[in-house]
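Please keep the sequence and the structure open while reading.

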Amino acid sequence: MSDMQNIQWFPGHMTKTKRQIQANLKLVDAVAELIDARIPVSSRNPDLNGIIQSKPRVILLNKCDMANQTATKMWIDYFAKQNITAIAVDCKSGRGLNKFPQAVNKVLAEKINRLKSKGMKNPMMRIMIVGIPNVGKSSFINRISRQNRAKVEDRPGVTRGNQWFTISNNLEMLDTPGVLWPKFDDKIVGEHLAFTGAVKDQVIDTELLAVRLLDFLKRLKPAEFIERFKLEDMDFENTDSYELLRYIGKKRGMLVSGGEIDTERASIMLLDEFRAAKLGRITVEMPGRPLTEN
Ligand code: G4P
């Protein structure tokens, strides 16, 4: 797994990114942390806490259209118990984004009230978005800026070079996201990121990844997966995952010359279908459960 990390993020790159985020943090009142609702542990970068420190934050559980709805609710409760406001969003369709201004105002209530008590009528609050690659940062910015067209005019005293847009009557958003590096020191974290396509396929053996995904699906037994590959009549739970991959490949007619099963093609198909939520709306990581048990 350390190879994957080296390919995408080398230490110099991380230091530069961290500095950029720290510089932008000085300009904002709160941070919106975008994570993947299917893998809320692995898609978070634990270093972020140290970077943003006490800055108020809202967590956006993105891609909730592909996650299990009950699991997403459980995650929102889990974060609430830690005093963190989290909302479920789908930045592809825009679903859930209407709750965003309210959530930000909630985490900034103390500051807003303090400024109001000092005589400010409608204090303007600023936000930035952070998240690992592919989590949906551009989709979020596109969506939320499309819904709220007005770009903020340059004002004296405001650093040039940063673009802001209005998202409600008291909120402005920086249009440059903070890109966090995915952190996969842990093998399982790396696998979960790869399941969802958050890290590139070329850096992990596709067949091995498909086998690991099947290990997980065998335990979870999602109905769509069973139905899609017609597994009803077989003892798939007790079938070796590589054998199961061959079975699935055969069912789909994925053969190479000589009649052998093309397990490479079957692996790509399985991963593609999982990533497109065709095997069900599946949450890989559940709150309060060690990753190894997911
Ligand atoms: P990034 O800026 O953080 O790197 O992520 P980006 O917005 O580029 O999103 C990465 C991929 O995730 C895109 O798909 C995007 O459409 C998809 N995506 C973002 N948010 C959601 C969501 O809430 N639900 C779903 N289902 N997908 C989401 P892509 O395949 O790279 O491009 P495309 O299919 O949009 O063309």
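In this predicted model, the count of aromatic pairs comes to 7. One of them joins Phe100 and Phe140 in an edge-to-face arrangement, with 5.3 Å from centre to centre and 85° between the planes. Because Phe100 belongs to helix H5 (residues 100–107) and Phe140 to helix H7 (residues 137–147), this pair ties together parts that are 40 residues apart in sequence. Phe100 is buried, its relative accessible area being 0%, and Phe140 is likewise buried, with a relative accessible area of 0%.

A further pair is formed by Phe225 and Phe236, whose planes stand at 80° with the ring centres 6.2 Å apart, so the pair is edge-to-face. Phe225 lies in helix H10 (residues 223–228), whereas Phe236 lies in the loop between H10 and helix H11 (241–251), so the pair ties together parts that are 11 residues apart in sequence. Phe225 and Phe236 are both buried.

| Pair | Centre to centre | Angle between planes |
|---|---|---|
| Phe100 and Phe140 | 5.3 Å | 85° |
| Phe225 and Phe236 | 6.2 Å | 80° |

Elsewhere, Trp75, Tyr78 and Phe79 are linked into a cluster by ring pairs. Another kind of ring interaction is found at Trp164, where the charged end of Arg126 sits over the ring, 3.7 Å from its centre.

In soluble globular proteins, nonpolar side chains tend to be buried together. Here the largest nonpolar core has 76 residues, and those with the most contacts inside it are Leu60, Phe100, Phe140, Phe225 and Leu270. Helix H9 (residues 206–220) gives the most to this core, contributing 7 residues. The core draws at least three residues from each of domain 1 (2–175) and domain 2 (205–293).

For Phe100, when neighbours within four places in sequence are left aside, the contacts are Ala32, Val58, Leu60, Ile87, Ile127, Phe140, Ile144, Ile167 and Met173. There is also a second, separate core of 10 residues, which includes Ile35, Leu61, Phe79 and Ile84.

Not counting residues up to four places away in sequence, Leu214 touches Phe225, Ser241, Leu244, Leu245, Ile248 and Leu270. The C-alpha atoms of Leu214 and Glu237 are 9.7 Å apart in space, while the two residues are 23 apart in sequence.

Ser267 has its place in helix H12 (residues 263–275) and is buried, with a relative accessible area of 0%. Leaving aside neighbours within four places in sequence, Ser267 is in contact with Thr206, Glu207, Ala210 and Leu245.

At the start of H8, a side-chain oxygen of Asp186 reaches to within 2.7 Å of the backbone nitrogen of Ile188. Gly197, which follows H8, has a positive phi near 85°.

Most residues other than glycine have a negative phi, and most peptide bonds are trans. Lys221, although not a glycine, has a positive phi of about 55°; this residue is placed in the loop between H9 and H10 and is partly exposed, with a relative accessible area of 35%. Lys230 is also not a glycine and has a positive phi of about 50°, and its place is in the loop between H10 and H11.

**The chain as a whole**

The protein chain contains 12 helices and 7 strands, and buried residues make up 50% of its 294 residues. Among the contacts in the chain between residues at least 6 apart in sequence, 69% join residues at least 24 apart.

Conventions
Residues are numbered from 1 along each chain as its sequence is written. This is a predicted model: local features need pLDDT of at least 70, side-chain atom pairs count only at pLDDT 80 or more; totals for chains, interfaces and linings use all residues. Side-chain values use heavy atoms; hydrogens and water are left out. A nonpolar core is a set of buried Ala, Val, Leu, Ile, Met, Phe, Trp, Tyr and Cys residues joined through side-chain atoms within 4.5 Å. Buried means under 20% relative accessible area, exposed over 50%, partly exposed in between (1.4 Å probe, protein chains only). Helices (H or I, at least four residues) and strands (E, at least two) are DSSP runs, numbered from the N terminus. Domain bounds come from an automatic or database domain assignment. Contact means heavy atoms within 4.5 Å. Rings of Phe, Tyr and Trp (its six-membered ring) pair if their centres lie within 6.5 Å; planes under 30 degrees apart count as stacked, over 60 as edge-to-face and the rest as tilted. A charge sits over a ring if NZ of Lys or CZ of Arg is within 6 Å of the ring centre and within 35 degrees of the ring normal. A polar contact is a pair of N or O atoms within 3.5 Å; within protein, one must be able to donate a hydrogen and the other to accept it, and residues adjacent in sequence count only if both atoms are side-chain atoms.
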